[in-house]
Amino acid sequence: MTAPSLPPGTAPSAAPVPPRAHSVGGHVRAAVVFLVLMVLVTGFAYPFVVTGIAQVIDPGAAGGSLVHYPNGTLAGSSLIAQNLSAPYLFWARPSATDYNLTLGAPTPYGYSEPALQAVINETVAYMKEYGNFTVNGTLPFWWVAPSASSIDPDVVPDAALIQIPRISNATHLSISFLQGFVNQHTVNPFIPYVGVPYVDVLTLDLALLPLIGR
Amino acid sequence: MFELQSLWDVILLIALVIAFAPVFGAYLGRVYMDRPAFGDILLLPIETTIYRLLGTSPRRSMRAGEYMLALLLVNGGVWAFLFFFFTHQQSLLWNATGAPNMSWDLAFHSASSFTTNTDFTHFTNESQMSLGSLVIAWPLALFCSAATGLSVAAAMFRGFVRKDGTLGNYYVDMVRTTTRILLPLAVLFALLLVILGVPETFTNVLTAHPLTGGTQEIILGPVASFSSISLLGTNGGGFYSANAASPLANPSAVSNLFEVFVMMLIPFSTPFAFGQVIRKRGEAWPFVATILIVVAVALGLFIAYQAAANPSLAGITALGPQSNGYPVGQETRFSLPEGSLFQVVSVYSNVGANNMMIGALSPVAQLVLLFGMFTQSTPGGEGTGFGTLLLFAVLGIFVGGLMVGRTPEYLGKKISTGQVRWAALALLIHPAAILIPFVVAVTGGFVSVDTGSLASSAHTFTSVLYEFTSESANNGSALTSNYINDATPFFNITGAFIMLVGRFVPIWAMLVVGGKFAEQDVLPPGPGTLRTASATFTIYITLFLVIVSVLLFLPVIALGPLAQIVGGT
């Protein structure tokens, strides 16, 4: 369709001719070309460019915050909890998936679901039996409660401190030394009240290994 | 024990967003106006080349019907690409984790979920999604659905200032949203996330050797670039199935606050973009105030009830006192207000990401989240959330006009029955898309309801209600619970239809309402004109929105969350 021709002698009107609508074929072409461009940009260019820059500006974080043994073997990621339930190590929060990432996030227990009381009772009993806690009283709620990701790498400082008698028994490191050791590895918010104090358990245990000769 | 001081960073962050939103909103608005804008020197030649490839031009402005057709073509293309990719992911690119091809019903649900900006998942990412699906297929929808939402909002805004019946060119809006808003911000925010500790790599699976022996598979990928656009575009899908609760996707309290900022940025700026497009900046404030009032009340209730001790655990004597909120289904590194802020903002912006387990929350906190999905406009998802709020306003002004006997008009455009009919349709399709499937699921035996136990039946009703509400609101947050299993053909197929209806019917209504306004002349303000940039209007719209939402959903709330709260279960 061409623009209507003006009668001879009349000047073109100042108002623009309203643009014509796309034909259906024109729409299909526009949509297809748009999608091809978007796949190339968002599916390939975007992640590749960001990854390229990220590997330069912070290769450690971009690589997954991996931590290694002194001999170079991959121990894990400081962002992911793992099974640390040995007598001579600090333990992480319990995991419904046994710290297996491929199982994803577990189904949580509801607020008043009887199974919630059961699983917390079970965890408390396990910690009491195998934790060898000589202190009287209670376990930190934040330590025994199931986490959201089931790979929460952090525990509250109380949860690390309460494990010291057991580790002291298993390793012959003194209680006062271990207390200082935990305090030294406690991450406090560097701006007050932004976040909470916590201890990254895998980092703590990796630092402990050379001290106990393992 | 909850310390009031720990609220300071939460309040400061909200204040920062509100201070920044007018500036960013003005930029956002200029992207959709036919005027010179920031970045033209660099981007205009690129955009012009793209228009030529597409065979379109900004001068080809579309009416509502044509705009909708273009929108359906592009979104249909995204849907088809995703459906094909997911059902063939085994034989396509990058599948180190050995993810199997999706069944057709699961792929139907997933493709519909991602195309509609919902990102509700009925699968476990780590074992059922290949890296190719996570990097090539899904992000296409993350970008396109966010851009579609903003384009629809822009088209609707133009209806208030145009007189020729057209709303703009959909392809041009999509291109400009991508080049000027989503892509540059996504790159910037992804890099900031990396600096805050989020992985960004093409190494997919590593085998680690834990300290106590055995092996642990570490799943990695371009998590930062995925999370960045997922949060910025109010999509909410997670690279990991634990979403932002996973320490890999949200490693610290600082990254948590930053992700909240990314989620809030566009939804809180959109009202100002509206003010910019209609060239009456003051008109944005009543909506921003409405959103702030609703979010603040929601956040207050959420924190208060998550700070309280869970009475059902009172019998466990060896448990220490509760500090920093209720820890079940929570991560250690976030304080109670910070974690709550993320969760409330995420659900109220229809992002739907979670940094805690919604199924583990107290019933009041769950009801708070449900309410955000009932209104789906405080602030709601990318573009469509504010579009819904404008529909509420249109309806509210019409009702108010009838009550005082004055011709209802908004911004000099008369509100006629034509607009009201479509606005009402858009607002009523939401409860319909939730309640009808709810009844079918419950009475059809697709969930097992233990009618003998109030606790069990109330939990089941809440779970089903949350599932369908999240899908209809295009939210995507999931109340995973042991009371329903949603990975079944019934929930896949029903859910997919709910999401498609909950997405495209309101979009259609927004375009039609905008188109009808675009055909009218602008009336000059007279002595009887309702002043909409005022505190009275703010209070009126807030009450109208809350009352309508509560009335629509009260019966079904009574079956689920209210029964839990009142029954103490």
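Trainee: What makes domain 1 and domain 2 of chain B separate units here?

Mentor: The domain assignment of chain B gives domain 1 as 4-279 and domain 2 as 382-566; such bounds come from an automatic or database domain assignment. The model is predicted: local features need pLDDT of at least 70, side-chain atom pairs count only at pLDDT 80 or more, and totals for chains, interfaces and linings use all residues. Residues are numbered from 1 along each chain as its sequence is written, while chains are lettered from A and ligands numbered from 1 in the order in which they are written.

Trainee: How do you know which residues of domain 1 of chain B are in contact with domain 2 of chain B, and how many are there?

Mentor: Two residues are in contact if their C-beta atoms, placed from the backbone, lie within 7 Å. By that criterion, 44 residues of domain 1 of chain B are in contact with 39 residues of domain 2 of chain B. On the domain 1 side, H6(B) gives the largest share, 10 residues. That side divides into 20 nonpolar, 17 polar and seven charged residues. Here Ala, Val, Leu, Ile, Met, Phe, Trp, Tyr, Cys and Pro count as nonpolar, Asp, Glu, Lys and Arg as charged, and the others, Gly among them, as polar.

Trainee: Why is H15(B) called mostly covered?

Mentor: A residue is buried if 20 or more other C-beta atoms lie within 10 Å of its own, exposed if 12 or fewer, and partly exposed in between, with C-beta atoms placed from the backbone. In H15(B), 15 of its 19 residues are buried, so the description "mostly covered" follows from the definition.

Trainee: Why are S3 and S4 of chain A said to stand at the edges?

Mentor: The open sheet of three strands has the order S3-S5-S4 (chain A), with antiparallel pairing. Strand S3 (154-155) and strand S4 (186-187) each have a single partner strand, so one side of each is left without a neighbour in the sheet.

Key: Two strands pair if DSSP finds at least two bridges between them. Helices (H or I, at least four residues) and strands (E, at least two) are DSSP runs, numbered from the N terminus.
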